Amino acid sequence: MALEENAGTELLLQSFEGRFLAARTLLSFPWQSLEAKLRDSSDSELLRDILQKTMKHPVCVKHPPLVKYARCFLSELIKNHEAVHMEPLDELYEALAETLMAKESTQGHQSYLLPSGGSFTLSEITAIISHGTTGLVTWDATLYLTEWAIENPAAFTNRSVLELGSGAGLTGLAICKMCRPRAYIFSDCHSRVLEQLRGNVLLNGLSLEADITANLDGPRVTVAQLDWDVTTVHQLSAFQPDVVIAADVLYCPEAIVSLVGVLRRLAACREHKWAPEVYLAFTVRNPETCQLFTTELGWTGIRWEAEAHHDQKLFPYREHLEMAMLNLTLQDSHTTPTGL
């Protein structure tokens with residue numbers, strides 16, 4: 001019984017750690033499980049452990065979240081503590097006092113722990129996020145694709161990878177750290193997203209290709225502006241990717257048409273004797289949107305098949321969402337697609 005309790009406590013701590021470092025919504029935290037654990041024990045050690053896994057975590061100390069987020073988290077933690085009528089825990093109130101005295105920040109961080117024991121961090125700037133671009137939002141399918149990549153490193157090892165719609169750069173940073181690609185091209189079209197992308201690449205110890213001091217042991221990293229509606233076959237051929245990936249880019253019919261156009265031009269690059277593998281992950285929100293995408297692929301002659309759901313659950317995202325991932329085969333001739 002004690003072993004089961006210890007295992008349950010460890011899972012609870014891991015849940016708080018992952019969600020807090022990634023600055024996930026407070027509603028996603030297992031507050032009810034925490035309160036139940038606290039009621040079963042009169043000891044405050046669990047709350048001290050949560051503080052160590054969150055506010056006092058070395059990654060958080062180096063790359064803290066927004067002050068407002070930390071303040072709200074601590075307030076909720078104290079509320080749960082007081083709900084079970086335990087003696088006041090000084091460490092909680094001291095941590096809250098620090099956030100109350102801290103200057104309100106416009107920059108925070110989201111950090112993700114890797115199976116290797118390392119981590120990577122994304123910078124979030126509220127002034128940019130409020131500008132209205134979706135490229136600075138961490139979508140759930142991005143985390144799903146990242147997990148798949150970590151589980152399948154051979155798909156990227158010593159290969160050149162082009163990511164379409166990189167956003168804040170989450171998937172690419174993980175692949176560069178875990179999968180040893182030869183080259184990685186982050187791409188997006190929005191100037192503010194590109195600026196943030198470059199910052200996140202440097203924040204995580206990677207060097208951009210133009211940097212003469214670049215670490216030759218790591219991948220060649222490029223951040224490229226790529227407008228799906230105007231990019232040409234010649235421009236795409238210059239990247240020479242072995243693998244093309246994208247996540248959560250099927251959010252409207254216009255985006256789907258633009259994406260299929262890019263894939264069609266990538267297929268045309270077969271004249272240059274290379275045909276990249278393509279992996280696309282998305283959240284199944286609207287079956288009609290998915291149907292539109294597969295229909296457009298069929299008309300373009302691009303075959304596809306669904307990848308099996310992977311086993312790893314490394315990152316915190318909404319578990320009730322339906323995720324899908326397709327492996328596309330680029331070709332010139334029209335082919336009827338297989339079923340999803």
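Modeller: Two strands count as paired if DSSP finds at least two bridges between them. The model under discussion is a predicted one.

Biologist: In which sense do strand E4 and E5 pair, and over how many bridges?

Modeller: Strand E4 covers residues 183-188, and one of its residues, Ala183, has Arg220 in E5 as its bridge partner. E4 and E5 run in the parallel sense, and their pairing extends over 6 bridges.

Biologist: Which strands are the edge strands of the open sheet?

Modeller: The open sheet has 7 strands with mixed pairing, in the order E5-E4-E3-E6-E7-E9-E8. An edge strand here pairs on one side only. The edge strands are therefore the two that end this order, namely strand E5 (220-225) and strand E8 (303-306).

Biologist: What is the average twist from one strand to the next?

Modeller: The order E5-E4-E3-E6-E7-E9-E8 sets which strands follow one another in the sheet. From one strand to the next, the twist averages 20 degrees.

Biologist: At what angle does helix H13 run to E9?

Modeller: Helix H13 (residues 287-300) lies across strand E7 (277-283), E8 and strand E9 (323-329). For another helix, H10 (residues 191-203), which lies across E4 and E5, the angle to E5 is about 170 degrees. For H13, the angle to E9 is about 5 degrees.

Biologist: How many charged residues are there in the contact of H2 with H3?

Modeller: The axes of helix H2 (residues 31-40) and helix H3 (residues 45-53) come within 10 Å and cross at roughly 140 degrees. Leu34, Lys37 and Leu38 in H2 meet Leu46, Leu47 and Ile50 in H3. By class, the contact of H2 with H3 has 5 nonpolar residues, no polar ones and 1 charged.

Biologist: Which element gives the most to the lining of the second largest pocket?

Modeller: This pocket has a volume of about 420 Å³, and of its 17 lining residues the closest to the centre are Gln14, Gly18, Lys313, Leu314 and Phe315. The lining has 9 nonpolar, 4 polar and 4 charged residues. Helix H1 (2-21) and strand E1 (107-113) each supply at least two lining residues. With 7 residues, the element that gives the most is H1.

Biologist: Over which residues is the pLDDT below 50, with 16 contacts beyond near neighbours in sequence?

Modeller: The protein chain averages a pLDDT of 87, and 88% of the residues score at least 70. Residues 333-340 stay under 50, and the model has 16 contacts for them beyond four places in sequence. A further stretch with pLDDT below 50 and 16 contacts beyond near neighbours is residues 128-137.

Technical notes:
Residues numbered from 1 in each chain as written. Predicted model: local features only at pLDDT ≥ 70, side-chain atom pairs only at ≥ 80, totals over all residues. Heavy atoms only, no water. Axes fitted to C-alpha atoms, helices over the stretch in contact; angles between N-to-C directions. Helix = DSSP H or I, 4+ residues; strand = E, 2+ residues; numbered from the N terminus. Contact = heavy atoms within 4.5 Å. Nonpolar A, V, L, I, M, F, W, Y, C, P; charged D, E, K, R; others polar. 1 Å grid on protein atoms, 1.4 Å probe; cavity = no way out; pocket = protein on both sides within 12 Å on 5 of 7 lines; lining within 4 Å. Points joined across faces, edges and corners; volume = space filled by probe spheres on them. pLDDT = per-residue confidence, 0-100.
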